[in-house]
Amino acid sequence: MTELPRSARLFSTSPLQAGLQVGEATTDRITWVKLSLVFLPLAAPISDAKVLTGRQKPLTEIAFLFAEIETAQGHGGIGYSYSKRAGGPGQFAHAREIADELIGEDPSDIARLWDKLVWAGASVGRSGLSTQAIAAFDIALWDLKAKRANLPLAKLLGAHRDSVRCYNTSGGYLSMPIEEVKERVSMALNSGIGAIKLKVGQPDPMVDLKRIEAVRDHIGDTPLAIDANQQWDRTTALRFGRIAEQFDLTWIEEPLDAYDYEGHAMLAAELATPIATGEMLTSVDEHYELIRHNSVDFIQPDAPRVGGITPFLKIMALADHKKLRLAPHYCMEIHLHLTAAYGREPWVEHFEWSEAMFNETLEVRDGRMVVPNRPGLGFSLSEQARRWARGTHETGKRA
Ligand SMILES: [Mg+2]
């Protein structure tokens with residue numbers, strides 16, 4: 001029999017060692033957390049390719065999970081997660097169950113708190129709905145940290161720029177006739193937006209090609225991207241991509257199923273047009289697979305979907321190491337700050353939908369979205385958003 005080792009020091013032990021309790025580098029503590037489940041109504045139902053293939057119904061509203069966090073010394077932060085179609089109430093329920101874990105904690109220890117919240121619900125997984133619920137807390141903690149430093153989040157992270165190129169998507173849905181698309185594209189460009197994304201993925205690809213041609217003719221040299229929302233197979237995507245090379249597209253987004261890493265890599269190698277995907281992925285590990293397989297030219301993580309800013313920063317570091325370009329999905333209030341801190345000129349996606357939920361709006365000019373000079377993310381929840389809440393939950397006490 002092998003002799004037993006004489007000392008426990010031979011073993012690596014849990015990260016939760018006594019060392020964490022030795023010092024008290026900061027003294028402020030979280031005292032209050034409020035969650036709100038807010039349903040943002042859309043002006044008209046919208047459809048992308050997932051609706052045309054019968055997989056989803058038109059989108060009529062978006063569920064937002066807001067987390068507001070306050071500390072004993074009077075600092076506060078707000079963050080959000082979201083769900084399109086089903087899932088919002090599930091995120092709210094999970095967040096409500098784990099919110100108590102934050103009370104009494106040091107709000108500066110964001111990495112440790114992310115781990116703590118994950119382990120509290122580890123039985124339901126470390127990606128997807130459970131970590132999306134955590135994203136609302138994580139983003140609120142980053143907002144709080146930047147507000148306390150009296151800096152915009154981009155500056156706290158270490159910015160490369162004070163504004164980011166932005167493109168508009170909300171005018172290019174498949175549910176809109178092409179004349180309406182052209183009208184909305186003009187409105188977006190006249191308002192200072194720098195590029196346009198058009199949805200594709202109709203049952204007849206020729207209809208898509210004609211719409212791309214119409215928009216390309218309408219906007220001249222303005223950057224134009226297309227988004228197939230995962231509804232093509234490899235053959236269709238390759239054939240379509242070859243024909244579409246003539247339109248000088250900035251990227252082709254989600255040509256294939258979000259988890260077809262090899263298929264995207266094939267397209268990225270075969271086509272001169274850049275390939276973009278990543279919005280549906282829900283963890284650092286899933287994004288690592290995209291990066292490892294050389295699947296993308298533009299990587300498109302979504303901070304709420306991957307579990308917050310803490311995991312998003314890990315994806316940014318991996319992407320930067322591979323010299324990828326970054327164009328995060330949706331959530332411009334958050335992604336503006338994160339893209340401003342990325343080393344290679346990125347894009348941020350502009351949607352006007354969320355404007356009614358906040359008291360502040362983002363400035364867009366000369367094709368770029370401007371990092372606000374307000375501390376933190378620079379947003380507060382509007383009274384309208386609070387009226388749209390269908391559920392709230394509070395824990396702890398306000399200082
Ligand atoms: Mg997309």
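Which residues do ring pairs link into a cluster? The members are Phe64, Phe66, Tyr80, Tyr82, Tyr173, Tyr330, Phe351, Trp353, Phe358 and Phe379. Keep in mind as you look around that this is a predicted model.

## Rings that pair up

Let's start with the aromatic side chains. The count comes to 18 aromatic pairs. Phe66 belongs to strand β2 (residues 59-71), while Phe358 sits in the loop between β11 (347-350) and β12 (364-365), so the pair ties together parts of the chain that are 292 residues apart in sequence.

Now hop over to Tyr330 and Phe351. Their ring centres are 5.1 Å apart and their planes stand at 85°, so here again the pair is edge-to-face. This pair also links distant parts of the chain, with Tyr330 in the loop between β10 (325-326) and α14 (332-340) and Phe351 in the loop between β11 and β12, 21 residues apart. Tyr330 and Phe351 are both buried.

## Charges over rings

Phe351 is one of the cluster members, and the charged end of Lys84 sits over its ring, 5.7 Å from the ring centre. Phe379, another member, has the charged end of Arg374 over its ring, 5.6 Å from the centre.

Which parts of the fold supply the lining of the second largest pocket? β3 (76-84), α5 (129-148) and β5 (195-199) each supply at least two residues. The largest share, three residues, comes from β3. Sorted by class, the lining has eight nonpolar, nine polar and eleven charged residues.

And where does the second largest pocket lie? Domain 1 (30-150 + 383-396) and domain 2 (153-370) both give residues to the lining, so the pocket lies between them.

## Residues with a positive phi

Gln230 has a phi near 70°, which is a positive value in a residue other than glycine. You'll find Gln230 in the loop between β6 (224-227) and α9 (234-244), and it is buried, with a relative accessible area of 14%. Lys323 has a positive phi of about 60°, and it isn't a glycine either. Lys323 is in the loop between α13 (309-321) and β10. Is Lys323 buried or exposed? With a relative accessible area of 57%, Lys323 is exposed, because anything over 50% falls in that class.

## Some distances across the chain

| C-alpha pair | Residues apart along the chain | C-alpha separation |
|---|---|---|
| Ser7 and Ile139 | 132 residues | 42 Å |
| Gln202 and Trp232 | 30 residues | 9.5 Å |
| Gly76 and Leu141 | 65 residues | 8.3 Å |

Here is where one partner of each pair sits. Ser7 is in the segment before α1 (19-22) and is partly exposed, with a relative accessible area of 22%. Gln202 lies in the loop between β5 and α8 (205-219), and Gln202 is buried at 15%. Gly76 lies in strand β3, the strand that gives the second largest pocket the largest share of its lining. Gly76 is partly exposed, with a relative accessible area of 25%.

How values were computed:
Residues are numbered from 1 along each chain as its sequence is written. This is a predicted model: local features need pLDDT of at least 70, side-chain atom pairs count only at pLDDT 80 or more; totals for chains, interfaces and linings use all residues. Side-chain values use heavy atoms; hydrogens and water are left out. Helices (H or I, at least four residues) and strands (E, at least two) are DSSP runs, numbered from the N terminus. Ala, Val, Leu, Ile, Met, Phe, Trp, Tyr, Cys and Pro count as nonpolar, Asp, Glu, Lys and Arg as charged, and the others, Gly among them, as polar. Domain bounds come from an automatic or database domain assignment. Rings of Phe, Tyr and Trp (its six-membered ring) pair if their centres lie within 6.5 Å; planes under 30 degrees apart count as stacked, over 60 as edge-to-face and the rest as tilted. Buried means under 20% relative accessible area, exposed over 50%, partly exposed in between (1.4 Å probe, protein chains only). A charge sits over a ring if NZ of Lys or CZ of Arg is within 6 Å of the ring centre and within 35 degrees of the ring normal.
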